[in-house]
Amino acid sequence: MSYDVPLAPGEQPEDLDLSTVAEHGFPLWEVFVRAKRGLSHTHVGSLHAPDAETAIQNARDGYTRRAEGVSVWVVRSAEIVASDDAESLFEPFEDKPYRHPTFYDIPDEVGQL
Amino acid sequence: MSEHAGRARFAAIIEADEKVEPRDWMPDEYRANLIRQMAQHAHSEVIGMQPEANWITRAPTLMRKAILIAKVQDEAGHGLYLYSAAETLGVSRDELQEMLHSGRQKYSSIFNYPTLSWADVGAIGWLVDGAAIVNQIVLQGTSYGPYSRAMVKICKEESFHARQGYSIMMALVEGSDEQKAMAQDAIDRWWWPALMMFGPHDAESSHSERSMAWKIKRIKNDDLRQMFVDQTVPQAHYLGLTIPDPDLEFDEETGHWRIGEIDWDEFWRTIKGDGPLNRERIAHKVKAWEDGRWVREAATEYARKQRARLGKSA
Amino acid sequence: MNTLTTRTPLATYVVRHADDNVILGQRLAEYISRAPELEEDLAVANFALDHIGVAQHLFAYASAVEGDGRDADALAMLRSEREYTNLLLVEQPHADFAEVMARQCFFDAYQVLLWRRLSASTDETIAGVAQRAVKEATYHLRHSSGWVVRLGDGTDESHGRMQHAVDRMWRFTGEMFEGDDLDREMAALGVGVEPADLEEEWQATVDSILEEATLTRPADPYQATGGRRGLHTEFLGRLLAEMQWMQRSYGGLTW
């Protein structure tokens with residue numbers, strides 16, 4: 001495929017050192033866009049910017065060119081605290097069907113409930 | 001999570017056609033393979049700005065000029081989305097750019113060809129973006145979440161790119177003899193490079209098989225190329241243009257267009273760095289980056305001063 | 001003497017503002033793919049698109065006012081150098097990012113004031129264009145002035161470069177507020193504005209930006225002039241040679 005540029009015969013892939021995250025240049029910011037009033041801000045991607053004001057402007061130009069947003073949030077990526085996504089964190093909720101309305105059989109005659 | 005459990009979970013995610021997300025355990029080779037592909041994809045978008053930017057200042061009408069600016073701007077945006085997706089895997093954009101500048105990472109070879117006339121802008125939109133879309137629609141189903149999401153967004157935006165290219169070609173073939181000749185010359189030069197965008201035959205693609213197994217890649221090179229040929233040949237005929245392939249013929253049995261053999265020497269030569277404009281494209285990019293160094297340093301220094309000032313007043 | 005050959009005062013007035021925007025749009029377009037960061041390429045492309053969009057609307061209107069079959073593209077691409085009436089500022093080439101932003105900032109500060117006034121023009125088309133353009137210009141100024149400040153108050157090198165850029169562009173700013181008979185005529189009709197009325201606020205805006213940027217306001221009182229009369233710097237001819245190349249090489253075709 002076009003973006004998977006093949007290695008020429010005898011060519012080795014480049015070395016990627018993944019042991020350290022070298023952040024030089026502008027810091028990374030995560031971008032959240034509110035598509036329209038009444039909706040939540042949703043994560044759309046990230047960008048680089050030297051400061052918050054520039055990050056907002058870059059988010060506007062980078063992520064709302066087709067009027068996708070009415071408001072943006074930017075957060076320094078380094079400031080995000082993420083869950084470790086371990087199975088023990090969320091899967092225990094999967095076996096509690098009684099929290100969902102479809103768990104209960106109610107006769108039609110009862111009407112809206 | 002132990003590596004053993006992680007590996008099992010990763011295998012289950014791939015098996016179930018679910019998406020792998022940044023913080024999941026994943027094999028080092030999967031990570032490296034993805035970084036490489038996303039970086040190359042991002043580099044392609046960014047280097048791909050140049051051949052079209054070459055015609056912005058000479059676009060024949062204000063409307064065409066505006067459309068072309070919007071398109072080149074989208075390419076910058078798509079580069080941004082893709083670097084952003086790659087950065088979720090623990091590399092920085094600066095590192096990736098440095099690998100582009102030093103030639104350690106590549107970009108799609110198509111952008112090493114020159115844009116010599118206005119018709120080339122049309123041909124790029126129609127053929128190059130057309131080929132890219134065939135690729136990218138499939139890549140929406142790729143197994144890595146951030147890459148897949150970037151593809152969804154890019155596909156949505158890119159649908160206008162191929163159409164504006166075709167609309168340029170339509171205007172040309174409906175125009176003067178000179179314009180028609182310009183259109184034919186463009187397809188003569190862009191047809192084969194566009195087919196090369198799909199990469200070598202799968203049998204010769206060293207890491208194709210593993211990418212398929214990991215569902216980074218979903219359809220084989222030759223199959224994607226065939227999809228592109230089948231959709232594009234009738235479009236060329238509609239324009240009244242001749243496809244520069246004497247062996248091209250419709251196979252009634254399979255319902256597919258059969259093409260002649262691609263010049264693989266040219267393909268590998270361009271990939272290795274000896275296409276028409278490999279050096280110039282990188283030189284342009286490196287110059288912009290070096291010319292901007294003092295700006296980036298200044299912005300970083302200003303941000304530092306601002307933080308210090310805020311700290312003092314707080 | 002004004003060699004502009006539009007047929008009515010209104011068309012002439014509309015064309016001068018269209019010229020400002022198309023020429024600056026063209027200058028910005030030259031810079032795309034050369035910005036210091038990918039994000040800035042996106043921003044510069046946005047500027048270019050906004051300016052060219054304004055030019056499209058205004059040329060289309062001028063064409064309609066003229067009513068002699070010369071369309072927006074013919075106005076934009078097929079006049080001689082002496083027939084362009086843009087301000088000298090917008091045709092100035094840029095040697096670096098500081099000059100891109102100095103030129104932009106000075107022009108944005110002017111356009112915010114211009115479009116704000118023209119939003120109330122008695123000419124509905126002009127008012128309509130202005131109401132849209134004032135929002136664009138306001139955003140442009142936010143971005144460009146932000147860079148003037150950041151570069152002015154950044155490193156020693158950036159301060160030097162930004163000061164040099166301000167000094168270089170400064171002598172083309174006075175022309176924005178000159179005004180001629182046509183401006184007075186259009187202002188009297190409620191269609192246009194007297195450029196001189198914008199000057200005080202422009203100076204205040206720019207002073208506060210320069211101050212925040214720790215830059216020195218140039219003392220040089222000399223101000224170049226001539227753009228509105230079709231007397232340009234030598235830079236415009238080359239810009240037009242490139243911009244007009246297709247229309248000049250292949251006359252009368254549809255693209």
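I take contact to mean heavy atoms within 4.5 Å. The model I am examining is predicted.

**Entry 1: Glu52(B)**

I looked up Glu52(B) and found it in helix H3 of chain B, which covers residues 49-56. Is Glu52(B) buried or exposed? Glu52(B) counts as buried, because its relative accessibility is 1% and the cut-off for buried is under 20%. I then listed its contacts, leaving out residues up to four places away in sequence: Glu52(B) touches Leu68(B), Lys71(B), Val72(B), Glu75(B) and Ile124(B).

**Entry 2: His4(B)**

I next turned to His4(B), which lies in helix H1 of chain B, residues 3-15. His4(B) has a relative accessible area of 67% and is therefore exposed, the cut-off being over 50%. I also checked His4(B) against Val229(B): the two are 225 residues apart in sequence, and their C-alpha atoms are 44 Å apart in space.

**Entry 3: the interface of chain B and chain A**

How many residues of chain B are in contact with chain A? I recorded 57 residues of chain B in contact with 40 residues of chain A. The size of an interface is often given as the accessible area lost when the parts come together. For chain B and chain A I noted a buried area of about 4200 Å², with carbon and sulfur atoms giving 55% of it.

I then looked at the polar side of this interface. The rule finds 4 salt bridges between chain B and chain A. I noted a salt bridge between the side chains of Asp74(B) and Arg66(A), at 2.4 Å from N to O. Across the interface of chain B and chain A there are also 10 residue pairs in polar contact, with both residues at pLDDT 80 or more. Several helices of chain B each supply at least two residues of the side that touches chain A, among them H2 (28-47), H4 (62-87), H7 (145-173) and H13 (293-313).

**Entry 4: a hairpin in chain A**

In chain A I followed strand S1 (residues 28-34) and strand S2 (residues 41-48), which pair in the antiparallel sense over 7 bridges. Within this pairing, Val31(A) stands opposite Gly45(A) of S2(A). S1(A) and S2(A) form a hairpin with 6 residues between them. In the turn I found Gly38(A), with a positive phi of about 100°.

**Entry 5: confidence**

Last, I checked the predictor's own scores. The complex is given an ipTM of 0.96 and a pTM of 0.94. For chain C the mean pLDDT is 96, and 98% of its residues reach 70 or more. I keep in mind that where pLDDT is low, the predicted coordinates should not be read in detail.

Definitions and conventions
Residues are numbered from 1 along each chain as its sequence is written. Chains are lettered from A and ligands numbered from 1 in the order in which they are written. Side-chain values use heavy atoms; hydrogens and water are left out. Helices (H or I, at least four residues) and strands (E, at least two) are DSSP runs, numbered from the N terminus. Buried means under 20% relative accessible area, exposed over 50%, partly exposed in between (1.4 Å probe, protein chains only). pLDDT is the predictor's confidence in each residue, from 0 to 100. Two strands pair if DSSP finds at least two bridges between them. Buried area is the accessible area (1.4 Å probe) that two parts lose on being put together, summed over both. A polar contact is a pair of N or O atoms within 3.5 Å; within protein, one must be able to donate a hydrogen and the other to accept it, and residues adjacent in sequence count only if both atoms are side-chain atoms.
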